[in-house]
Amino acid sequence: MTPEAVMRLAIEQAEQVKGSTYPNPPVGAVILDSDGHIAGVGGTQPTGGPHAEVMALRAAGERAKGGTAVVTLEPCNHHGRTPPCVDALLAAGISTVSYAVSDPNPAAEGGAQRLADAGVVVSAGLLADKVEQGPLREWLHKQRTGLPHVTWKFATSVDGRSAAADGSSQWITSEAARADVHRKRAVADAIVVGTGTVFVDDPTLTARRPDGTLTDRQPLRVVVGMREVSLDAKVLNDDSHTMLIRTHDPLEVIRSLGDRTDVLLEGGPTLAGAFLRAGAVNRILAYVAPILLGGPITAVDDIGVPSIVHAQRWRFDGIKAIGPDVRLSLVPN
């Protein structure tokens with residue numbers, strides 16, 4: 001396997017554990033034996049459990065000696081709930097370490113230097129963009145800013161409508177697109193909507209499998225606004241926990257979710273407009289269906305753009321077909 005193929009396998013491991021490792025990052029690791037054959041793979045376990053390197057080393061056993069570790073994040077060099085991963089790599093006799101992204105956490109950094117000082121050949125940056133835009137996107141944002149990463153997720157017709165003129169919106173996108181959304185909900189820490197969405201749609205805001213059953217992990221449901229929510233609202237059922245935040249200030253919402261990392265904004269056009277005006281959206285995920293609806297109900301209301309020269313500029317960082325629909329991923333310019 002090429003180095004890139006091995007790192008892609010490590011990225012797959014990281015994606016598999018994403019959503020279950022908080023507050024640790026979702027990391028994947030692959031151990032190659034001295035002949036370059038895969039000896040073990042692993043991903044970071046839930047809080048208090050082993051990190052990815054340790055899981056991969058356990059799978060590799062004695063075959064790790066003289067081998068190579070390929071990791072999505074620089075091996076940690078600090079003792080938290082578990083010993084440093086650097087210790088485990090050195091004890092196993094690893095001779096080479098290749099990682100994608102350097103650890104921005106001051107408490108954990110220094111792993112690469114310590115490995116190099118011990119005679120291990122260390123290289124960085126392999127498929128770093130794939131890791132930064134993939135499994136570590138939200139965690140890296142939290143480490144660098146101290147704030148949760150906010151993704152505005154919405155479904156729209158190709159002409160930018162989130163509902164037909166009569167208000168009906170089920171379903172704009174396909175079953176495949178909705179299944180993709182539920183997979184993203186299952187790894188998110190919180191879903192944010194406004195009271196208007198609760199009143200109009202009465203959503204449950206849960207993550208479900210294709211058969212309709214709840215996934216093992218559910219995000220926190222967050223309802224924003226000044227109006228009271230009916231005690232009969234589905235968002236207050238026992239499927240998950242719910243937080244009510246009495247404010248119209250997006251920045252106050254983000255501060256209230258400061259202990260979270262991955263936040264989905266799923267509210268209607270008013271809430272989306274408020275977050276965009278406040279500069280509080282870090283990523284856009286648009287599920288676009290090949291249908292035309294026309295009418296007045298757009299995906300977003302006023303975002304404070306008086307003319308074309310003041311338009312918010314975003315760039316695509318991913319375009320993928322999901323069934324008959326297209327998922328567009330955008331980040332700020």
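I take a salt bridge to be a side-chain nitrogen of Lys or Arg within 4 Å of a carboxyl oxygen of Asp or Glu. With that rule I found Lys153, Arg185 and Glu266 linked in a network of salt bridges, and I noted a count of 12 salt bridges.

I record that this is a predicted model, in which local features need pLDDT of at least 70, side-chain atom pairs count only at pLDDT 80 or more, and totals for chains, interfaces and linings use all residues. Residues are numbered from 1 along each chain as its sequence is written, and side-chain values use heavy atoms, with hydrogens and water left out.

I next looked up Glu138, which forms a salt bridge with Lys18, the closest N and O atoms being 2.8 Å apart. Glu138 lies in helix α6 (residues 137-145) and Lys18 in the loop between α1 (3-17) and β1 (28-32), 120 residues apart; helices (H or I, at least four residues) and strands (E, at least two) are DSSP runs, numbered from the N terminus. I found both Glu138 and Lys18 buried, where buried means under 20% relative accessible area, exposed over 50% and partly exposed in between (1.4 Å probe, protein chains only).

I then turned to Glu228 and Arg246, whose side chains meet in a salt bridge at 3.1 Å, N to O. Glu228 sits in the loop between β8 (220-224) and β9 (242-245) and Arg246 in the loop between β9 and α9 (250-256), so the pair ties together parts 18 residues apart in sequence. Glu228 is exposed, at 61% relative accessible area, whereas Arg246 is partly exposed, at 34%.
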